[in-house]
Amino acid sequence: MKIQLKFHLNILLILCKSCLCQFYDSLSIDYNKLSKYTLDTYDENDVVTRYHLNYNFHYYQFDEYNDMLFFTDIKYAIICHDEDIDKPDDEKETLLFWNTSIYKVFMSTTVYINAFPIWYIEQKQKGKIFCMRFDSVGWDKNGSEEICKNESLACPDLIILKTSQLTHRYFNGDTLNLNKYFRKYYKKNGKSFDSLLNKYSYYEYRINNNWLAVPLSEDFRIFQINITTFNDCISEGYDLHYPPPLSNYWGPNYKETWTWEKAFEYAGKIYNCTKKPGFKILNNYNEDVSFFSALCQSLNIPFITEDIDKNIKKCGLRKSEAIQKLSILKDLAENHYIEMWINKTTVKEWQNKKYPTNVEEQPLITYDNDYIFNDTSVNGMTFNTLFEMKLQSDLRYVYVPGSTSSLLGTGIIITKNSRFPDESFEFIEVLINENYTFYTELNVSKTPIENISGKRCIKNYETFKKTHCSSLIQSDGEYPYYYIRNNITTFIYLTHKNIGEERGISINVDTLTSSSIFDKETFRNKEFICDQQANFEESTITYQDDYKLVIPLSNNETILLKSTVDINNNSDQTVEMICSIYDETLKKSKPVQFPYYNFYEMDNVISKSPISLLFAHLYYKHNTTNEGSFERIVNECCDIIDNALIPYCQDIKDIKFSFNKCFNNNLTMPIVYSNCKIKENDNIPRYAEYTFYFP
């Protein structure tokens with residue numbers, strides 16, 4: 001009874017800390033039952049699997065969280081409190097959440113499921129009973145699927161979107177203007193939400209002074225080098241230096257010395273040394289534009305400019321100065337110093353056709369799917385993502401060359417036809433509340449709010465010990481560790497491996513000395529997996545600090561083992577070092593369309609693949625003998641960009657037009673639109689009647 005009462009009081013204290021103890025006089029809530037929930041998952045045949053979950057209010061996650069990470073074959077899932085799961089629909093409401101998870105991979109949905117109990121309690125205190133449904137929709141459908149137009153279409157309340165997808169939903173009339181909720185946030189918290197955001201995140205989530213979404217995750221491009229390749233090439237006499245901050249060679253103002261010109265020069269040296277490309281960009285769709293925009297901004301070239309008279313955006317690369325600066329791409333691509341991402345089939349089709357004579361004839365140069373989904377290792381240097389799926393042990397983080405990197409991210413929208421807009425925003429407030437861990441869990445380095453760190457860089461490791469433990473032992477194989485006892489250093493070998501679906505270790509007992517504190521027979525067949533705590537009976541280990549693991553020796557004793565990778569090795573990096581590089585990179589990261597706010601036509605530019613076509617010219621060349629000058633290739637790229645940037649007339653209000661000569665046979669004049677274009681069935685007039693006026 002005392003244990004149960006103590007647990008009950010602890011839960012109440014935690015809830016009060018999180019502002020959940022705002023009791024309504026008319027309601028009586030039994031907190032003993034607040035930790036019990038039911039999750040029903042549905043496969044493509046609507047076969048239901050039921051899970052009973054227990055919520056841990058200390059870690060703000062379900063005890064079954066690690067199991068949920070590996071759930072698969074889920075079309076959608078519904079979570080309710082145990083008391084509500086089997087209630088009829090007229091006794092409860094269900095909020096519909098479209099996430100980016102796919103049928104086979106449910107992992108990204110789990111953080112939102114962990115947030116549900118906090119929000120559920122808030123709603124229950126107001127006398128409302130809610131469940132939540134999470135649909136595995138995927139990135140593409142999240143951004144483009146028709147919604148809410150009629151009863152046959154799904155009508156989600158919340159959708160996760162990339163920043164590049166927001167404008168499509170906005171112009172399709174799917175997004176709710178969040179300005180009202182941002183004003184309420186200000187009144188409630190005493191500070192405006194936009195004042196909390198990182199410097200350039202502000203540009204990504206607004207159109208025409210309308211807040212389209214709440215920023216959820218911050219993604220920016222980082223730079224990494226293969227330290228083994230650098231060491232090997234340096235030993236062979238190549239004039240290479242570790243990029244900053246791994247070397248002081250670059251001086252105090254590295255942005256003027258560690259430039260893209262120097263990075264491309266290094267790519268050539270690495271190619272000559274290894275006979276393999278020395279540079280690659282992230283293996284993913286649209287990364288050519290992210291890389292190119294960062295390059296342009298570092299070179300002080302306006303990738304996108306604006307025609308003020310016509311009020312339209314246009315390509316900013318045509319000036320001779322810009323073309324001269326961009327010419328550093330020639331050697332990089334023509335000599336194959338860069339690893340190419342382009343689908344060779346589309347290149348062959350382009351080469352086998354007559355050279356295009358206008359924009360409409362230009363090809364769509366697509367990505368090589370095999371390259372995308374079969375990621376290769378990094379030979380030299382890479383312009384990479386924060387959300388690395390595969391880690392390479394000899395990669396080291398360095399500063400991005402030049403003055404700018406690329407800023408991207410994801411946001412969450414409330415749909416215009418949501419039945420529960422207020423409740424939806426309250427769920428968002430739970431996600432971004434710094435008293436909980438959800439915002440941190442959704443990010444790696446920093447959240448979009450400046451003072452809230454991501455899971456890798458959070459100062460308090462307590463909640464993420466398992467994550468850090470798994471990261472430390474991510475590479476399979478046998479690795480040396482050491483411990484110090486009575487001023488004596490003893491070495492021990494741990495085998496890093498997968499144990500079921502978890503990362504774990506075993507101890508190589510054959511290397512143990514007679515004086516070792518590890519008993520050979522006890523640990524001969526003993527395996528441990530990463531967890532939040534070290535426990536001998538449950539065979540778990542945990543993370544302590546950089547390169548340190550806590551290993552249980554018995555039920556009553558643990559030992560701290562430290563990896564040897566940090567001994568006399570200046571190239572290896574602590575979490576603090578990596579996070580300082582993240583911080584430096586984020587400070588100089590800007591959106592692709594900067595200095596402009598998000599706009600719909602930028603997505604059109606990306607879809608027309610002008611940058612990949614530019615690289616196809618340099619890397620493969622068209623099959624005619626008259627390839628054209630670099631200036632011609634850049635201007636051709638600009639023609640495609642300009643065409644893509646012209647908005648559709650139905651999507652803008654300030655339409656500029658003039659009239660062509662009158663047709664005598666029917667007295668009509670063709671309308672010429674100068675700042676927009678028309679398309680079929682858009683209800684935009686093509687002709688105007690010519691009217692005679694006699695005074």
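1. Is Ile159 buried or exposed? The model is a predicted one, and in it Ile159 has a relative accessible area of 0%; because the cut-off for burial is under 20%, Ile159 is buried. The residue belongs to strand β7, which covers residues 158-162. Setting aside neighbours within four places in sequence, the contacts of Ile159 are Trp98, Asn142, Ile147, Arg169, Gly411, Ile412, Ile413 and Thr415. Val137 is 22 residues from Ile159 in sequence, with a C-alpha to C-alpha distance of 9.5 Å.

2. As to the chain as a whole, the secondary structure consists of 23 helices and 27 strands. The radius of gyration is 29 Å, close to the 26 Å that the globule rule gives for 695 residues, so the chain is as compact as a globular protein of that length. Along the principal axes, the C-alpha atoms fill a box of roughly 105 × 80 × 50 Å.

3. Burial and surface may be taken together. Of the 695 residues, 54% are buried. The accessible surface is about 33,200 Å², and carbon and sulfur atoms account for 47% of this area. Where contacts join residues at least 6 apart in sequence, 69% of them link residues at least 24 apart.

4. Nonpolar packing deserves a separate point. In soluble globular proteins, nonpolar side chains tend to be buried together. The largest nonpolar core here comprises 115 residues, and the most contacts inside it are made by Phe279, Phe303, Leu329, Phe518 and Phe615. Helix α23, residues 630-645, gives the most to this core, namely nine residues. A second, separate core has 69 residues, among them Trp98, Leu176, Phe420 and Ile428. Trp98 is also one of the contacts of Ile159.

5. Which residues does Phe303 touch, not counting those up to four places away in sequence? They are Val289, Phe292, Ser293, Cys296, Lys314, Cys315, Gly316, Leu317, Val592, Met602, Ile611 and Ile641.

6. A search of the whole structure for aromatic pairs returns 62. One of them joins Tyr60 and Phe438: the ring centres are 6.5 Å apart and the planes lie at 65°, so the pair is edge-to-face. Tyr60 is in the loop between β2 (48-56) and β3 (61-62), while Phe438 is in helix α17 (residues 438-441), so the pair ties together parts that are 378 residues apart in sequence. Both partners are buried, Tyr60 at 7% relative accessibility and Phe438 with a relative accessible area of 1%.

7. A further aromatic pair is formed by Phe223 and Trp258, with ring centres 6.1 Å apart and planes at 75°; the pair is therefore edge-to-face. Phe223 lies in strand β10 (residues 214-226) and Trp258 in the loop between α9 (254-257) and α10 (260-274), so parts that are 35 residues apart in sequence are tied together. Phe223 is buried at 0% relative accessibility, and Trp258 is likewise buried, at 0%.

8. Lysine side chains also meet aromatic rings. The charged end of Lys162 sits over the ring of Trp139, at 5.6 Å from the ring centre. In the case of Lys526, the charged end sits over the ring of Phe536, 4.4 Å from its centre. Lys162 falls within the range of strand β7, residues 158-162.

Conventions: Residues numbered from 1 in each chain as written. Predicted model: local features only at pLDDT ≥ 70, side-chain atom pairs only at ≥ 80, totals over all residues. Heavy atoms only, no water. Core = buried A, V, L, I, M, F, W, Y, C linked by side-chain atoms within 4.5 Å. Buried < 20%, exposed > 50% of the residue type's maximum accessible area, 1.4 Å probe, protein only. Helix = DSSP H or I, 4+ residues; strand = E, 2+ residues; numbered from the N terminus. Contact = heavy atoms within 4.5 Å. Phe/Tyr/Trp six-rings, centres within 6.5 Å; stacked < 30°, edge-to-face > 60°. Lys NZ or Arg CZ within 6 Å of the ring centre and 35° of its normal. Rg over C-alpha atoms; globule rule 2.2 N^0.38 Å. Areas by Shrake-Rupley, 256 points an atom, 1.4 Å probe, with all protein chains shown as cover.
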